[in-house]
Every structure is written in C-alpha cells, then in structure tokens.
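Please read the report below alongside the sequence and the model.

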Amino acid sequence: MSCLDCSQCSTDPCATEMLKIAEAEGIGTAWSRAAAQEPQCGFGTTGLCCRICMKGPCRIDPFGNGPQYGICGADRDTIVARHMVRMMASGAAAHSEHGRHIALALLHLSKGELKDYEIRDVEKLHAIAARHKVAVEGRELSEIVRDLADLTLWDFQNQDYSAPVNWLAASLPAPRLEKLGKLGLLPHNIDASVAQSMSRTHLGCDADPTNLILGGLRVALADLDGEMLATELSDALFGTPTPTVTRANLGVIKRDAINIAVNGHNPLLSEIICDIAADMEDEAKAVGATGFNVIGVCCTGNEVMVRRGIPLATNYLSQELPILTGALDAMILDVQCIMPSLPRVAECFHTQIITTDKQNKIAGATHVDFEEHHASENAKEILKLALSAYKRRDPKRINIPNLQNEAIVGFSTEAIVAALGKVNAEDPLAPLVDNIVAGNIQGAVLFAGCNNTKTQQDSAYLELAKALAARDILVLATGCAAGAYAKAGLMTQEATNTYAGPGLKAVLTAVGEAAGLGGPLPLVLHMGSCVDNSRAVSLATALANKLGKDISDLPIVASAPEAMTEKAVVIGTWAVTLGLPTHLGTMPPVAGSQVVADLLTTTAKELVGGYMMVETDPALAGEKIFAAIQERRAGLGLPTATWGPKAPASGLARM
Ligand code: NFS
Ligand code: SF4
C-alpha cells in the first residue's frame, strides 16, 4: 500500500519525515496498517456487533431492514450499552492496576523491603495524610506510609457496599459526594466495581440500557479513584511536579549518546531507569558514547517529563517512529498503550525492545522481569542491553529529524496554586477566581486523551487550543494531548504571546512573572500523564470549594479530540459523572443506539450535570466547548461572551 502525502497522517513534521522513510523502506506503521483496515466494519463502528457469547457474533441492522435482535434476544440498546460498560471496566482495570502497583510498592517500602525507593516528597506525603486524617505528629515516616498504603488498599478490598472508597470520599467536593451518594454511584471497591461491570454484562444479565449505563458511571468513578491514588502516591514517592523547562519531539534523540526511550505508564520502572542511567554514565562512555540519553514516549514519558524534565520524544500514534531514526538503542516498556508492532519495526534496525512486566510481554521482544525489590539490579540489566545494542548501530542509517521544541512542563495542582500564591500569598486561588469572574479568563478546558488514526495526528489538539486560548480560555493538558502540545511548541512563553487572548495573556503574564519565570506561563499547562487527570479534578475541587459550589457549576470543560482507548472512554465517563461537559472528537461505538446516546448526553446532564458532546469537526467543537463554558458562566451569574473572530475584551481584574 502506498500514499502520496504523509502530512495527511500527522501534523507533526518529525512524524511525517519518519513516515516517508517507512514508506520508502516498506516498514509498516500504525498509519499503513490503518489504511489496510479500510473499510472498517460498520456494525462494529456503531456498536451493533455483539460477541459476548459463542452463539454470536450477532449484528443488528442499523437501518431496520435486517435483524433487530441478537440470538438471545438482546436489542440494539442492550448490545451497545453492554459493550460501552465493558470498555469502561477495562479502562478502570488498567488505571487502577497501575494504582494498585504503586500502593503495593508503598506497602513494601513501609516494611523496609525496597532499598531503591524512598519518599522523596515528605511534604506531599503529609498533605495526603492530612486529607485522610492520618496522624503525622511524632510518628515514623514508615508508620505514616503504612497507614496510607493500608487505607489505599482498602479501596480494593472493602466489602461494605454502602461505604464509599477512601480516596474519592476524602477528595471530592461535599455537594458532589452527596449527589453521587444519593444516586448510588459512589463505588465501594475498585476491583468489585470492575468485576460487577463484567458480571452484569455477561449473557443473560443486565438488559436495561439505563441501568447498564448507570453501572458504567459507577465503574468510571472507581477508575477516578484508581487514577487519583496513583497520581498522589507517585508524587509522594517521586516528587510533586514543579515547572521545569525541557524539550519535545524526535530531535531530542542524540546522535552521540545511547538513546533509551521509556514507553508505557508506570513510573516505578522509569524513575529507576533514570537514576541508574546516571550512575552508569562511565560505562556508556567506555563504549564511545557521551552517556545515556533517556527520552520519553506516551505517559511514562509524561511522568518523567513533569517530574524530572526528561525530554519527550513523541506521543502514542508515532511511538514506532523513534526507531526509524536509526539512533534509538533501546525502548523499555512497562504497561498500556504499547504497540505490539514495536519488535517488528525494531527488526529493521538495531533497537532492543525490552518488556518488563510479567503480564505485558510481546512476542519478539526481550523480556527482563522488573520487580521493585530488585529495581536497581533489573535496571542495570536493562541498560546493559541498551549498551550492547548501541554497539550494533549502523551510522549510515541514522536520520534524526532536526526539530525539537522547548516545553515548560510540570504544572501539578500544587505548582499552579504555588504560582498563584506569588500573586496573592494569603489567598492563592483569589487571582484565578477574580479573573474568571471578571471574564479575563472565560473558563478552562482540559485536553486529555490519545491519538487516533481516524484523525490527523495532533491537529485537532492544536487547532482547538489556539482557538480557545484566543478567546481567553485557560488550557490544561495531560497524556498524549500534552505530548501533542509539547511537540508543537505550545508549552512555551512565545505561544502565550502569540496565541492567548488579551485577558488570558495578561493573567498568564502576571502569574508567570510573579512566579519568577521572567515572562508568562506557557499557553498550555502540562499537568502530567493520563492518571494525572485527577490533578485537574483536584484543581476543580479547590475552585468549587472556594466558591461554595459544585464542579458541575464551574466553567470547565473536558475534551478528548482524538480519544481512542478504553481508558479514554472511562475518563470521559467520570468527567461526565463529576458534572463536566465532555467533548469527544472521535465517535465512540454508540451510534447504533439512540437510547444510549441520549443517556450519555441528555439524561446524564439532568442527572449529574455533565454530559458528552461528540463533535468530530474541530472548528465546530471549539464553538461548542466555548458555548458550554458560557452556559456555566451564565449559571453563575457571570458576564458572558460570544464566539467571534476576536477574543472578548474586558478590563483586567486587580492582580
Ligand atoms: Ni491515556 Fe497514556 Fe496516550 Fe491515550 Fe494511551 S498513552 S494513559 S490512553 S494513548 S492518552
Ligand atoms: Fe448474540 Fe446475545 Fe450472544 Fe450477544 S450475547 S452474541 S446478542 S446471542
């Protein structure tokens, strides 16, 4: 298969440069495989194909001309709802398994079993303890850690259906907890919520689409619990992100260094790789390299980027392409969003692909079992593999794109509040609230989620952020959305000066200068990986608490313009459940059921305040996001603005 214009696949110039090499050399990538899948099955696309039992697959004719029931009698609404709930359950399982891994590491640390880890951010640990009412005074650190590990693991073990999980109960605004409690949506146990979702969607169980989707909202909140505990405990272990200047895009690969990419999600491995790579500098020099150059891909990339300023090579869809530079010596994988094609691409080069998780192996990759109890030994073994791969490099095949953009990253909630605190030490949130009230900041949008071959890579992200920032909307980003902005240079002060509307620019400049950045905050604030969407929840909760409101009252919208994974589906669902208007730029498999589509849009809005809006055209999506923000402003009695070619003008609030 061949095509003419790689820029149709991606807006990222580094990606298109590498795709031309792939095309010329006949190396398969996600894009060539997507083309080979065309036309994709309409039944699957609309959610009307059921494979839940072996009488199937059953298909419902979307136009009403063919079968309207599966063999068991399930109708289109049940079939669509069941599959959506299974997507949510899988997403929740993935995030919370990551969270459990971190919680168990904390438990083992508290018992003195992990020599390679420590609590790097004691202040954060104490803040978490205060949130959960765990005593700190006069206690050993290990005792506090033990208590936090126990109360976190309780969220996976509690069998009392009426007692909500600890992390949500300690974190969400009171009015939201009350509403969710009354609706029976607060999960009591993450694992049980996932198991119940799988159980109720088995053949012959729940066949009421409303009841199924309500179950979906509950498992989505279990997912949020898993994300929140993963983020917060990772901060205690590895440090809470603070603003850091780094770089992004394939130009971060260095010709003269041993380049190792960390790809996946869980920082337990990537943090140690960074530590040991620094320790093994001399060994790298001994083979003629300048040292190890650790670079990030996907969310593990985001984790080490926001905490350590490790440069980001790329985001999800282009994860095969660093190999095509001919200078990537190893890609070290942990869990989730890892393409099984990596060893096949690497076969064409010298790159060593290394899996590290017992439950996430890939045929053709080298596996080194990574265990926290032997972290540094495992990391050394992995880095030695990278070292020997470096010796096999073919200098004639090195093609590193000459592009990398600066990126100011590391905007945890704590970092944002600290920056605001430089403007108003006594009441850090006041400058943000005052400027929202005055309309200098119209509201905020959180861009989250993936890349998807159904859209041109990164393009909707870039278009939407520019359009919304020009209209004075604060832009936050996580996950592969954040990767898109970092690669494209939108996490810079120049981007603020170029694209922000006058009100937003004034606020970002005042805060950035007060915080000692010598200029504005970047246009897009990088909050971290996908589990770090929970940071945006913390920020929204702080704002809601300050205003005495619920999250569903705030002018905040979530947007996943290139959503792809089951994790993205579940994140979108909890955003809705928390009360946020939630934009999806790709169509989830619900088009086959008007009932399910209505449940996620209209009924959800009535019930929990949040709702999904699907809009695949970024130009129209911008207007819809803006309108949703204005609706919230009107609800708060704040002045509203209209979508126009220019940003709304208004006076500056006192800073
Ligand atoms: Ni989120 Fe991060 Fe990326 Fe999508 Fe995958 S890497 S966890 S799921 S593809 S944003
Ligand atoms: Fe068909 Fe019902 Fe089996 Fe699904 S569960 S495959 S609709 S018989």
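## A parallel pair of strands

In this predicted model, Ala560 has Leu584 of strand E15 as its bridge partner. The two strands concerned are E14, which covers residues 556-560, and E15, which covers residues 581-584, and they pair in the parallel sense over three bridges.

## The sheet and the helix across it

Strands E14 and E15 belong to an open sheet of six strands, whose order is E13-E12-E11-E14-E15-E16 and whose pairing is parallel. Because strand E13 (524-528) and strand E16 (611-614) each have a single partner strand, they stand at the edges, and one side of each is left without a neighbour in the sheet. From one strand to the next, the twist averages 25°.

Helix H26, formed by residues 618-635, lies across strand E11 (443-447), strand E12 (473-478), E14, E15 and E16, and the helix runs at about 155° to E16.

## The largest cavity

Seven cavities of 30 Å³ or more are found in the structure, and the largest of them holds about 200 Å³ of space. This cavity is lined by 22 residues, of which Ala444, Leu476, Ala536, Ala540 and Ile556 are the closest to its centre. Two or more residues of the lining come from each of helix H18 (430-438), E11, E12, helix H23 (533-547), E14 and helix H24 (566-578).

Helix H23 provides the largest share of this lining, with six residues. By class, the lining of the largest cavity comprises 20 nonpolar residues and two polar ones, with no charged residue.

## The second largest cavity

The second largest cavity contains about 120 Å³ of space. Its lining is made up of 13 residues, and those closest to its centre are Ile416, Leu420, Leu432, Leu474 and Leu521. At least two lining residues are supplied by each of helix H17 (413-421), E12 and helix H22 (502-514), and strand E12 is also among the elements that give two or more residues to the lining of the largest cavity. In the second largest cavity the lining consists of 13 nonpolar residues, with no polar and no charged residues.

A cis peptide bond runs from Glu38 to Pro39, with omega near -10°, and Pro39 is placed in the loop between helix H2 (30-36) and helix H3 (42-46). Another cis peptide bond joins Gly56 and Pro57, where omega is about 5°; Pro57 lies in the loop between strand E1 (49-50) and strand E2 (58-59).

Lys133, a residue other than glycine, has a positive phi, near 60°. The position of Lys133 is in the loop between helix H5 (122-131) and helix H6 (141-154).

## Confidence in the prediction

For the protein chain the mean pLDDT is 96, and 98% of the residues reach 70 or more. Over residues 647-655, however, the pLDDT is below 50, although this stretch has 27 contacts in the model beyond near neighbours in sequence. Where pLDDT is low, the predicted coordinates should not be read in detail.

Technical notes: Residues are numbered from 1 along each chain as its sequence is written. Chains are lettered from A and ligands numbered from 1 in the order in which they are written. This is a predicted model: local features need pLDDT of at least 70, side-chain atom pairs count only at pLDDT 80 or more; totals for chains, interfaces and linings use all residues. Side-chain values use heavy atoms; hydrogens and water are left out. pLDDT is the predictor's confidence in each residue, from 0 to 100. Contact means heavy atoms within 4.5 Å. Two strands pair if DSSP finds at least two bridges between them. Helices (H or I, at least four residues) and strands (E, at least two) are DSSP runs, numbered from the N terminus. Axes are lines fitted to C-alpha atoms, for helices over the stretch in contact, and angles run from 0 to 180 degrees between N-to-C directions. On a 1 Å grid over the protein atoms alone, a cavity is a set of points where a 1.4 Å probe fits but cannot get out, and a pocket is an open set with protein on both sides within 12 Å along at least five of seven lines; lining residues have an atom within 4 Å of a point. Grid points are joined across faces, edges and corners, and a volume is the space filled by probe spheres set on the points. Ala, Val, Leu, Ile, Met, Phe, Trp, Tyr, Cys and Pro count as nonpolar, Asp, Glu, Lys and Arg as charged, and the others, Gly among them, as polar.
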